[in-house]
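Hi,

Here is the structure I promised to pass on. Have a look at it first, and then read my notes below.

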Amino acid sequence: MESQKHLFSLDPAIHYLNCGYKGPLMKSAEQAAIGALIRDRNPTSIAPEDFFTTAKEVKGRFAELVNCDPFQVALIPSSSYGFAIALRNISCEPGQHAIVLEDEFPSGYFSLKTWCDENQALLKVVGPNKEAETLGESWNKNLLESITSETAVVLMSSVHWMNGLKFDLESIGQKCKTVGAIFIVDGTQSTGAAQMDVKRFKIDALICASYKWLLGPYGMGISYFGHAFDNGKPLEESWLNRTNSQDFGNLTKYDHEYTEDSGRYNVGEMSNFILLPMLNESLKQINEWTVPEIESYCQELTIPLYSYLKSRDVVLEDEQYTSHHLFGLKLPEDIDTELLRNNLQMNKISVSNRGGKLRISVNVFNTAEDIDKLIQVLESSRFVE
């Protein structure tokens with residue numbers, strides 16, 4: 001794959017290495033939004049079937065991306081909404097506990113903490129060995145060992161949102177399945193840029209905000225709910241989620257049956273006529289690129305950066321625990337952080353500071369020039385003796 005920057009409207013003067021903060025909209029998604037706005041001027045052009053058609057397309061494209069049945073996909077407004085659905089449908093026996101990652105994203109942590117408080121369950125926070133030079137091996141080992149027959153639920157990000165650390169989802173999912181724990185994964189920081197297979201990883205619920213690696217709009221998310229949630233209770237009782245919802249003339253012949261499988265979990269007004277067409281375009285393009293091609297592009301793109309860091313004796317995470325699209329850099333000791341901050345701003349390089357590390361997040365719109373510029377800025381930000 002070559003750079004796909006031509007499909008975006010990024011300012012050519014800016015080096016946007018910050019997809020983990022927010023993904024830019026593609027030109028096709030922008031055009032879809034404009035078309036949707038124009039159509040909204042005259043609601044007579046919106047037919048009853050339009051309440052369902054685009055939603056069905058979006059679910060199908062997401063299902064292709066994560067290897068599930070489209071009927072198991074639900075449209076949500078945010079990751080916290082998805083967590084609330086899943087946790088509402090998980091029971092807890094006396095003496096059971098829940099597991100969350102150390103420094104987990106706040107939405108996941110608060111959702112699980114509230115569930116634990118309501119169920120008088122212990123919340124176990126699992127992190128790496130503090131004395132370890134790198135985090136991946138001990139963190140994965142500690143997480144697997146913490147999952148026992150007393151574990152009710154594990155809620156975790158697919159990669160750590162602060163540093164891109166990869167977790168062995170396949171082994172974790174298998175351990176959860178073995179002990180009977182529900183496995184909830186926040187896929188926001190990897191789905192669309194790294195392999196996600198809900199069947200292979202034995203994920204019970206995959207929750208994704210769309211505005212990062214799915215390149216979708218803010219305010220629209222998407223989720224997978226496995227068979228553990230087939231007969232669950234949704235957060236709201238939307239009319240769109242009933243089996244007779246497409247018969248607009250008979251909606252008051254109240255049908256208490258929910259629509260197929262995870263359709264019961266769709267947010268009210270899931271037909272969002274502005275945001276859904278945007279997400280539909282982004283998912284279409286990601287599936288055309290394919291995730292393996294995206295991963296390969298990001299890996300090749302960042303080779304010069306890793307080579308530079310190795311030349312500066314920076315300790316790097318083991319490759320098997322490193323994401324190609326998102327990573328937190330522990331800067332060389334001779335970097336003047338204030339000078340670096342100023343140089344990044346002056347050279348129009350957009351990155352994030354997460355947990356005291358420089359978080360770099362690349363995608364197919366980035367070029368070798370972006371990486372070269374970052375290396376130049378790092379080199380020019382060293383202390384002058």
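The chain splits into domain 1 (5-19 + 290-380) and domain 2 (31-289); these bounds come from an automatic or database domain assignment. Before going further, note that this is a predicted model, where local features need pLDDT of at least 70 and side-chain atom pairs count only at pLDDT 80 or more, while totals for chains, interfaces and linings use all residues. Residues are numbered from 1 along each chain as its sequence is written, and side-chain values use heavy atoms, with hydrogens and water left out.

**How the domains meet**

The C-alpha centres of domain 1 and domain 2 are 28 Å apart. Across the boundary, 27 residues of domain 1 are in contact with 29 residues of domain 2 (contact means heavy atoms within 4.5 Å).

The largest nonpolar core has 111 residues, and Phe-62, Trp-115, Ile-184 and Leu-206 touch the most other members. Domain 1 and domain 2 each supply at least three residues to this core. A nonpolar core here is a set of buried Ala, Val, Leu, Ile, Met, Phe, Trp, Tyr and Cys residues joined through side-chain atoms within 4.5 Å. Buried means under 20% relative accessible area, exposed over 50%, and partly exposed in between (1.4 Å probe, protein chains only). Leaving out residues up to four places away in sequence, Trp-115 touches several residues, among them Leu-87, Ile-90, Cys-92 and Val-153.

**Aromatic rings**

There are 13 aromatic pairs in the structure. Rings of Phe, Tyr and Trp (its six-membered ring) pair if their centres lie within 6.5 Å; planes under 30 degrees apart count as stacked, over 60 as edge-to-face and the rest as tilted. Helices (H or I, at least four residues) and strands (E, at least two) are DSSP runs, numbered from the N terminus. Phe-225 and Tyr-265 are both buried. Elsewhere, ring pairs join Phe-51, Trp-239, Phe-248 and Phe-273 into a cluster.

**Helix α10**

Which residues of helix α10 (residues 337-346) are buried? They are Leu-340, Asn-343 and Leu-344. These three lie on the same side of α10, because they cover an arc of only 100° around the axis (taken from the directions from the helix axis to the C-beta atoms). Gln-345 and Met-346, on the other side of α10, are exposed. The cover over the buried residues of α10 includes β10 (349-350), β12 (357-361) and α11 (368-380).

At the N-terminal end, Asp-336 caps α10, with a side-chain oxygen 3.1 Å from the backbone nitrogen of Glu-338. Just after α10, Lys-348 takes a positive phi of about 55°.

Asn-18 is in the loop between β1 (15-16) and α1 (27-40), and is buried at a relative accessible area of 3%. Its side chain makes a polar contact with that of Ser-350 (3.2 Å). A polar contact is a pair of N or O atoms within 3.5 Å; within protein, one must be able to donate a hydrogen and the other to accept it, and residues adjacent in sequence count only if both atoms are side-chain atoms.

Asn-67 is not a glycine, yet has a positive phi of about 65°; Asn-67 is partly exposed, at 32% relative accessible area. Gln-120, also not a glycine, has a positive phi of about 50° and is exposed, at 69% relative accessible area.

Cheers
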